[in-house]
Amino acid sequence: MEACFLRWLLFVALTSWALGDDGQVTFESELSSKPAQKLSKYGWYASVRLQRFHIPEQTAVARWLFSVKKGHSFNCGQHNVSIHLRWGAPPVINPTETVFPNATLWGPSLSLILAVTSQSSTTFNLSDPAPGDWFVAAHLPEDDGRIEQKGFPSCSYYFQPQLSVRRAADTPVLQPGTVLTQTAAPDRPARLKLFVPEFTSCLSVSVAGCSSGEALESAGCSLLLRLGSASLQHSQTELNCSGVSCTASLSNPPWDSWLRVVVESSQVNQTVTFRIGSNFTVGCKPKSVGLTAYDDITKLLGKSSVSNATATGNVSAPAPPPPLASPCVWSVPVLYEELDVLSLRYTPVNSSNVSVTETHPTLLTYPLPPQATGGTLNLQLTLNSTNATLGNNSIVACFSAWAPVLQLNHSEPCRTGLFMGYAVGINVSVPKAMVRLPFPQSTTWYLTLQLLCNSSDCGNASVVSVVPEVSVSACVDDCGPYGECRLLRSYTYLYSACVCSAGWKGWGCTDGSTAQSYARQLTATMLLTLSNLFFLPAIVVATRRSYITEAFVYLFTMFFSTFYHACDQPGAAVLCIMDYDALQYCDFLGSICSIWVTILCMARLGDTAKYTLFLLGALLIAMSMQLDRKGLWNLLGPILCAILLMVTSWVYRCVRRRHCYPPSWRRWVFFLLPGALCALIGVCLYVFAETESNYYYTHSLWHILVAGCVVFLLPPKEKDRKALGWSRGFSWSWRWSWRPRMWPPVP
């Protein structure tokens, strides 16, 4: 409680300055905190602890406090905690430096390293952060492959992020064509906001009439003009104004959004007064192609239903749209379809084929909802096979967010005013191109297509048909043949990741640097399955000694352990005769019941007591397996209880007979001690020595040791003890005789 109070006090102290006011706007402070979560060593993305924070509009400063605390006091060594921060979508991380799938691109994120001793914390400040969702991910270093049994004490680290924001509540709005008078001091910058409407091609913000103190229109006013917000994916547009006036221009600003304007002064102990205004330029407004006001939803759905059939490109392209009065941009309407969780599809309304020309760019718009940011945004461009006249010319495309790039040529880069886009090109030699964006940001994405000719005249290639396919899937290429796509959840936020098998790794399970060969997979399967045949000697010994119930338990364990490990293997050498979960449950149940009945058999209890404990123990073990199948005490609990009963029975016999029990030293030397040694080594291997790399060998040895200790520890049959039920053995007599019936003779 004291540590929590001190941490919260530190957090409040770090944000106490937010209560100030700079005289022009009113600031408010907001605090948010997430519960502490246990960190894991990085194996795949599910090992990451993901938290989501929301930063409101017009936030001046955001401060994160990251705290990490050890959960145990014993020596765990020193580990570095990796913290990743990204705006708009979860961070795409690669701590193991694996190879990403082809055509996979991602946005950068901020990474911090926090060295942890007993309790550590660090802060991260960000001025003028972009509003919206921010994601924080934390994890320990790469997993060393050691398999830790659940319930055994281990090093644990708990991560807790907290956020403090300072928000401007009444920021002045800069209207186009309106001039505002503002003041800025070294510690109190002027903050404004302006709304950028759709179709804006250029934005300009001008500062004029700078005055400092009594010197009007002095040339010594040094102002820094900043446009935009900090989001770690891009930098703000900055302009140093050393004179009395300056103008900052921003081409292709983000459409339909609020833009932050900050003016700072570097005049020492002086307040600078200035006038500021803004202006927009609308180059053109895209004209819709293939959709009129009289089209209804039935017609649209009818057109989109043939998209799959025409995706191969065997259908001729639609006729080009009529020339526009003012050459600008052709906008193709797109149908948005939500198929499943993290599964969306976008289809052009008029046809899957889109006409592309040299004179006018073709624009397609793809709105991406917030719930789709946990998946992968896929773009594939395919050249229609009927475009035999394309020649050496090419089609260029720019896939951008927040605003489109409306001019595509060899000199113009694929980027907007604040964000970088993704450039794609196709031609006759490369008729298909693809871009995969894991964890895309939630906004409107724009695809601009245009035909670029090597000469001044395109010749017969004036109109080219292209098939753009845009969709959202849960994982990159469904994780390929060596992975499985898993749906993960962080509170109410859903996202997905690939879990790889057979030594494959990477974001899409395409990195085969440590992949297992088929021979190794087959060897591992054979070791883990055939090692269960060592239960056959235990079954034979139990049958010969009239322990029929115990023999059936060993047979049950051998059968389900064999087929469970045959189904549990990664890669190609897999055989599942029933549901995996059922096989695992029966394997765990049979293993513990085998140990339970063996130790109780060694206790030499009466038949009534022994079979009662057999049944009671099996029921309790079955219940505990259902509650926590992999808990360490599910194994140690029955073992300790059975040993306690056995020791109690042996002590009772020793006191009653006044002689050590078992009485024969040969029994101790040749059977009990070797059996106990096998059991001890097996338990130590199972608890301490198993890793992912040696699992095939250590777990197979565990099977052999457990089966071997049963042969040594199973007591001999008692000759003087009255048998009950199955313990009497297979002994019976059967007699058969037949004598024909004699009928009296017929008189």
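The model is predicted, so local features need pLDDT of at least 70 and side-chain atom pairs count only at pLDDT 80 or more, while totals for chains, interfaces and linings use all residues. Residues are numbered from 1 along each chain as its sequence is written, and side-chain values use heavy atoms, with hydrogens and water left out.

Where does Asp511 sit? Asp511 lies in the loop between strand 32 (493-500) and helix 4; helices (H or I, at least four residues) and strands (E, at least two) are DSSP runs, numbered from the N terminus. Leaving aside residues up to four places away in sequence, Asp511 touches Thr98, Val99, Gly503, Trp504, Lys505 and Gly506, where contact means heavy atoms within 4.5 Å. Asp511 and Pro101 are 410 residues apart in sequence, yet their C-alpha atoms are 8.0 Å apart in space.

I turn now to helix 4. Its buried residues are Gln521, Ala524, Thr525, Leu528 and Thr529. Seen down the helix axis, these buried residues fall within an arc of 115°, so they line one face of helix 4; the arc is that of the directions from the helix axis to the C-beta atoms. Helix 6 (548-568) and helix 11 (695-713) are included in what covers them.

Five of its five residues are buried, so strand 14 is largely enclosed by the rest of the structure. Leu223, Leu225 and Leu227 are buried on one side, and Leu224 and Arg226 on the other. Which strands pair with strand 14? Strand 15 (residues 237-241) pairs with strand 14 in the antiparallel sense over five bridges, and Leu224 has Asn240 as its bridge partner there. Strand 17 (residues 257-265) also pairs with strand 14 in the antiparallel sense over five bridges, and in strand 17 the bridge partner of Leu225 is Val263. Two strands pair if DSSP finds at least two bridges between them.

Notes: Buried means under 20% relative accessible area, exposed over 50%, partly exposed in between (1.4 Å probe, protein chains only).
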